[in-house]
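Subject: Structure handover

Hello,

I am passing on the structure we talked about, together with some notes on it. Please keep it open while you read.

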Amino acid sequence: MAAVALDIRRRAALQAMGITPWVLRQRAEVELAPPAVDEGVAVAARESQPRGRCVVLLPAAAEARALDLLGRALTACGAEIARAGRIRVADGQLSETVPHAAVYLVFGQAQAHALGRELPVAVMSEAHIALVDEPAALLSGADGKRRLWAALRQARRVLGARGG
């Protein structure tokens, strides 16, 4: 009973502030017979699909404060950028293969060089690659944050222009 009263007060407070709460829809559970597909083929098909139209490349050794700031900035730019695949770079090597994407947000020169070694030239020429300061530099001053927000605005424009 107390939870219902709390929910009513919460909705009233949000409505007074002009905020519309969003609720995730639940899928209806439908019992279907699983298709007869070889497990190896299904795994290969899942791995070959791109994870999204935006990919973020980060240094492997980044402090938690900087990653928290970065996560909040990505979340503020919308769902597509917030859900972007994140790939770590350690010692100039990518932690996994880079999917082809419309936008690459690259944090630091070392990550940019690793991306350049991995991607084909044709993919790089079609993609929008935004080079931003490393996450540790974002905490040190306002200039890094300004460059981050400028890169995120450009990424949103590119994704919007390409049907995002």
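The notes below go from the whole chain to the sheet, then to the helices and a few single residues.

**Overall**

Please keep in mind that this is a predicted model. The protein has eight helices and five strands. Read from the N terminus, the order of the elements is α-α-β-α-α-β-β-β-α-α-β-α-α. There are 164 residues, and 29% of them are buried. The exposed surface comes to about 11400 Å², and carbon and sulfur atoms supply 56% of that area. Take the contacts between residues at least 6 apart in sequence: 71% of them join residues at least 24 apart.

**The sheet**

The five strands form an open sheet in the order β3-β2-β1-β4-β5, and its pairing is mixed. At the edges are β3 and β5 (128-132), each of which pairs on one side only. α5 packs on this sheet and touches β1, β2, β3, β4 and β5, with a direction about 140° from that of β4. Another helix, α8, lies across β1, β4 and β5 and runs at about 165° to β4.

With strand β1 (residues 54-59), β2 pairs in the parallel sense over five bridges. One of the residue pairs here is Leu58 with its bridge partner Arg88 in β2. With strand β3 (residues 93-94), β2 pairs in the antiparallel sense over two bridges. Here Val89 has Leu94 in β3 as its bridge partner.

Which residues of β2 lie on its covered face, and which on its uncovered one? In this strand, residues 85-90, the covered face holds Gly85, Ile87 and Val89, while Arg86, Arg88 and Ala90 make up the uncovered face.

**The turn between β2 and β3**

The hairpin of β2 and β3 has two residues between the strands. Asp91 lies in this loop. Most residues other than glycine have a negative phi. Asp91 is not a glycine, yet its phi is positive, at about 55°. Is Asp91 buried or exposed? Its relative accessibility is 79%, so Asp91 counts as exposed.

Val106 is part of strand β4 (residues 103-107). The relative accessibility of Val106 is 1%, and it is therefore counted as buried. Setting aside neighbours within four places in sequence, Val106 is in contact with Leu57, Gln111, Ala112, Leu115, Ile129, Ala130, Leu131 and Val132. The C-alpha atoms of Val106 and Glu134 are separated by 8.5 Å, and these two residues are 28 residues apart along the chain.

Gln111, one of the contacts of Val106, is found in helix α5 (residues 109-118). Gln111 has a relative accessible area of 2%, so this residue is buried. Which residues does Gln111 touch, not counting those up to four places away in sequence? They are Leu57, Leu58, Pro59, Val89, Val106 and Glu134. Leu57 and Val106 also touch each other, and Val89 is on the covered face of β2.

**Helices α3 and α8**

Two packed helices are described by the angle between their axes and the distance between the axes. For helix α3 (residues 64-76) and helix α8 (residues 142-161), the axes come within 10 Å and cross at roughly 35°. The crossing of α3 past α8 is right-handed. On the α3 side, the residues that meet α8 are Leu69, Leu70, Ala73, Leu74 and Ala76; on the α8 side they are Lys145, Leu148, Trp149, Leu152 and Arg156. Sorted by class, this contact has eight nonpolar, no polar and two charged residues.

Leu69 is worth a separate look. Its place is in helix α3. Apart from neighbours within four places in sequence, Leu69 is in contact with Leu138, Leu139 and Lys145. Lys145 is among the α8 residues of the helix contact described above.

Regards

Conventions:
Residues are numbered from 1 along each chain as its sequence is written. This is a predicted model: local features need pLDDT of at least 70, side-chain atom pairs count only at pLDDT 80 or more; totals for chains, interfaces and linings use all residues. Side-chain values use heavy atoms; hydrogens and water are left out. Axes are lines fitted to C-alpha atoms, for helices over the stretch in contact, and angles run from 0 to 180 degrees between N-to-C directions. Helices (H or I, at least four residues) and strands (E, at least two) are DSSP runs, numbered from the N terminus. A crossing is left-handed if the near helix is turned anticlockwise from the far one by less than a right angle, and right-handed if clockwise. Contact means heavy atoms within 4.5 Å. Ala, Val, Leu, Ile, Met, Phe, Trp, Tyr, Cys and Pro count as nonpolar, Asp, Glu, Lys and Arg as charged, and the others, Gly among them, as polar. Buried means under 20% relative accessible area, exposed over 50%, partly exposed in between (1.4 Å probe, protein chains only). Two strands pair if DSSP finds at least two bridges between them. Accessible areas come from the Shrake-Rupley method with a 1.4 Å probe; for residues, only the protein chains shown count as cover.
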